[in-house]
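Good morning. Please have the sequence and the model open while I talk.

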Amino acid sequence: MASVPSLASSVNQRVADALAAAVLKAGSDSADPSPRPAGWGDPMLRRSDRADFQANGILALAKKAKANPRELATTVVEGIPTGDLIREIEVSGPGFLNITITDRAIIETLAARAADDRLGVPLAERPGTTVIDYAQPNVAKEMHVGHLRSAVIGAAMVEILEFTGETVVRRHHIGDWGTQFGMLIQYLLEHPHELDHKSEGDGEASGEEAMSNLNRLYKASRALFDSDEEFKTRARARVVDLQAGEPETLAMWQRFVDESKIYFYSVFNKLDMDIQDPDVVGESGYNDMLTETCKLLEDSGVAVRSNGALCVFFDDVKGPDGNPTPLIVQKSDGGFGYAATDLSAIRDRVDNLKASSLIYVVDARQSLHFKMVFETARRAGWLNDGVKAHQLAFGTVLGKDGKPFKTREGETVRLVDLLDEAVERAATVVREKAQDLTEGEIAERAAQVGIGAVKYADLSTSAARDYKFDLDQMVSLTGDTSVYLQYAYARIQSILRKAGEARPAAHAELALEPTERALGLHLDQFGELIAEAAGEYAPHKLAAYLYQLASLYTSFYAECPVLKADTPEQVENRLFLCDLTARTLTKGMSLLGIRTPEKL
C-alpha cells in the first residue's frame with residue numbers, strides 16, 4: 001500500500017500554496033513586482049498548544065516581500081479552503097497562523113494508517129547501503145558494561161534503517177588480533193594444564209565459563225609479561241609466528257576466537273540480540289589488505305615517512321607541545337596499527353560491500369582517531385560525495401554516584417552480571433503485578449521487562465550523553481521507562497480481550513474529545529518521526545515519541561471510557577484508537593529491540 005501523507009504534510013502543502021499565491025498578489029500590488037523564486041516561502045509549521053498546528057513562516061516572508069505581516073497572513077487565510085481538512089484557521093499576534101484540524105480528517109487519516117501493515121510509514125525515497133559497525137567485544141576478554149551501548153544503539157539503528165528501506169550490512173569488528181595474542185598463546189603453551197581448568201563442576205565448560213577461564217588466563221599472562229623479561233621476549237616472538245601463520249600458533253589462536261564467540265553469542269542472546277557469524281569480521285579479517293593500504297597511501301602522498309613510521313599529518317591536530325600529532329598507519333618496526341586496519345575496513349566496505357554510508361557506533365573517547373581515519377580516507381578518495389562516514393559516538397555508563405560504573409571493589413562491571421540483576425529486579429515487579437501468570441510465564445516476562453529496561457534506559461538518552469545506570473528507576477512502572485510503555489501496551493491488550501463482540505472500527509463522523517484528538521494527532525506523526533530518527537541516527541527520538549504516546553494514551557484512558565462509551569459507534573472508535581496505539585507501540589518498541597508482552 002502507498003504511504004499515507006501525514007496531516008502535518010497536508011496542512012503544510014495547503015498553507016504553502018496559499019503563501020505562494022499571497023506573495024504573488026503582494027508582488028503584483030507592490031512597486032517591486034519582480035518574480036519570486038519557487039519555494040520562496042516555508043510555512044514553518046509546528047505543533048502548538050494554542051491549536052493543532054501553528055505556522056510561523058509568514059513573518060520572515062513578509063520581511064522579504066516588504067509586506068505587512070498581519071495583512072499578508074490575512075490574505076493567506078483567505079486562500080486556504082476549510083471544511084474537509086482544516087476546521088478553523090486564525091491569525092494570531094503579528095502574523096502567526098493557528099490551525100485546527102477537523103475530527104473527520106484525523107480519524108480518516110488514522111484509518112488509512114491502520115489499513116497498512118507499515119502503519120502508513122513511507123519508505124525512503126533514495127535508499128542506499130549502510131554498513132553499521134557495532135557490538136565489538138574483544139577475544140579472550142569478558143564483556144563489561146562498556147560494551148553495552150555500542151550493541152544496543154547499533155542494533156536499534158539497524159532496525160530503524162531497515163524499516164525505512166535501507167539495505168543494512170552488519171559488521172562486528174571484534175578485537176581478534178595483536179600483540180596480546182602472542183602473550184596469551186605463549187603462556188598457554190608453557191602452561192598446558194590451564195586449558196583443562198573448569199570454573200565449576202565437571203564436563204564441558206559453557207561459553208561463559210570458557211570465557212571466564214580465558215579472561216583469568218589473560219590476566220595471568222599479562223602479569224607474567226609485565227614481570228618477566230624473558231617471557232616477554234618469547235611472547236613477542238610468538239606474535240611473529242602468529243603473523244607468519246605458523247600452524248600450531250594459528251590453531252591456538254583460532255581456538256581462542258571460537259571459544260570467545262560462543263561466549264559473545266551467549267551474552268548477545270541474553271540481550272535478545274541476533275548476531276550472525278558471517279557478520280563477525282574482526283581485525284584479522286583485513287590482514288591481507290594492510291600492506292596494500294599502506295602502499296596506496298604512500299604512493300598517493302597522503303601518508304609520508306616520519307622517523308621510519310608511515311604517518312598522516314593534519315594541520316588541526318597537535319599535541320600538548322604544539323607539534324602535529326599524526327595518524328600512524330605503520331610503525332617504524334613494520335607493524336601495523338589500528339589505523340591501517342580501520343582504513344582497510346573502509347576500502348572493503350566501499351569497494352566490496354558497495355556501501356553508500358558507514359556508521360561506526362563507537363565510544364566518544366575515540367572521536368579523534370576516527371576523525372583522522374575518515375579524513376585520511378577522504379584524501380585517498382575512498383570516501384567522497386557518494387560515500388559518507390559517521391561516528392555515532394556514545395558517552396559513558398555511570399553509576400548512581402555519577403562516576404564511571406564500577407563494582408564496590410573498583411572493578412569493571414561484567415555485562416552478564418548486570419543483565420542478570422536487571423532480570424531479577426524485573427521478576428519482582430512482574431510478580432507483584434501478575435494476575436494469572438505461571439512461574440514460567442513470570443520468568444519469560446521478567447527477561448523481556450528486565451532486558452527491555454536496560455535497553456530503553458540507554459536508548460532514551462541521546463547517544464552522545466553519559467547516563468546513570470539505576471536499576472531501581474529502570475524497572476519502575478512510572479516515569480520514562482520501558483516498563484511504563486510495556487504496561488500501556490498490556491493494558492490495551494486487556495481491553496481488547498474484554499471487548500467481547502465489539503471490534504475496533506473507525507467512525508469519522510464522530511466528534512472527538514480533546515484527549516482523543518491529542519492521541520490521534522500524535523499517532524499520525526509516527527512516520528515523520530521514523531524518518532527523523534533514521535536521518536539523524538537518533539534512536540532516542542523514537543524512544544521519546546513512544547513515551548509521549550504512552551502518556552497521551554494514559555490521559556485518554558483516564559478521561560474516555562472505552563468499553564462503557566455512550567454509543568456502540570463510540571466504543572468501536574475508541575477501540576480503534578486503542579488498537580492503533582498498541583500497533584504503533586509494539587512496532588516502535590521492536591525497532592528499539594524491546595519486547596511488548598501481551599500480559600503483565
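Of its 23 lining residues, Gly178, Thr179, Gln243, Lys331 and Phe336 are the closest to its centre. This is a predicted model, in which local features need pLDDT of at least 70 and side-chain atom pairs count only at pLDDT 80 or more, while totals for chains, interfaces and linings use all residues. Residues are numbered from 1 along each chain as its sequence is written, and side-chain values use heavy atoms, with hydrogens and water left out.

A word on terms. On a 1 Å grid over the protein atoms alone, a pocket is an open set of points where a 1.4 Å probe fits, with protein on both sides within 12 Å along at least five of seven lines; lining residues have an atom within 4 Å of a point. Points are joined across faces, edges and corners, and the volume is the space filled by probe spheres set on them.

Which helices supply at least two residues each of the lining of the second largest pocket? They are α6, α8 (229-244), α10 (290-299) and α11. The largest share, five residues, comes from α8. Helices here are DSSP runs of H or I with at least four residues, strands are runs of E with at least two, and both are numbered from the N terminus. By type, this lining divides into eight nonpolar, 10 polar and five charged residues. Asp, Glu, Lys and Arg count as charged; Ala, Val, Leu, Ile, Met, Phe, Trp, Tyr, Cys and Pro as nonpolar; the others, Gly among them, as polar.

Now the largest pocket, with about 970 Å³ of space. It is lined by 37 residues, and the closest to its centre are Gln136, Asn138, His147, Asp363 and Gln366. At least two lining residues each come from α5 (148-163), α6 (179-190), α7 (207-227), α11 (338-351) and α12 (367-380). The lining has 13 nonpolar, 15 polar and nine charged residues.

Next, the single residue. Thr100 lies in strand β4, residues 96-101. Is Thr100 buried or exposed? Thr100 is buried because its relative accessible area is 13%, and buried means under 20% with a 1.4 Å probe, protein chains only. Leaving out residues up to four places away in sequence, Thr100 touches Ala51, Asp52, Ile86, Arg87, Glu88 and Arg517, where contact means heavy atoms within 4.5 Å.

Last, the whole protein. The secondary structure comes to 20 helices and 13 strands. Of the 600 residues, 50% are buried.
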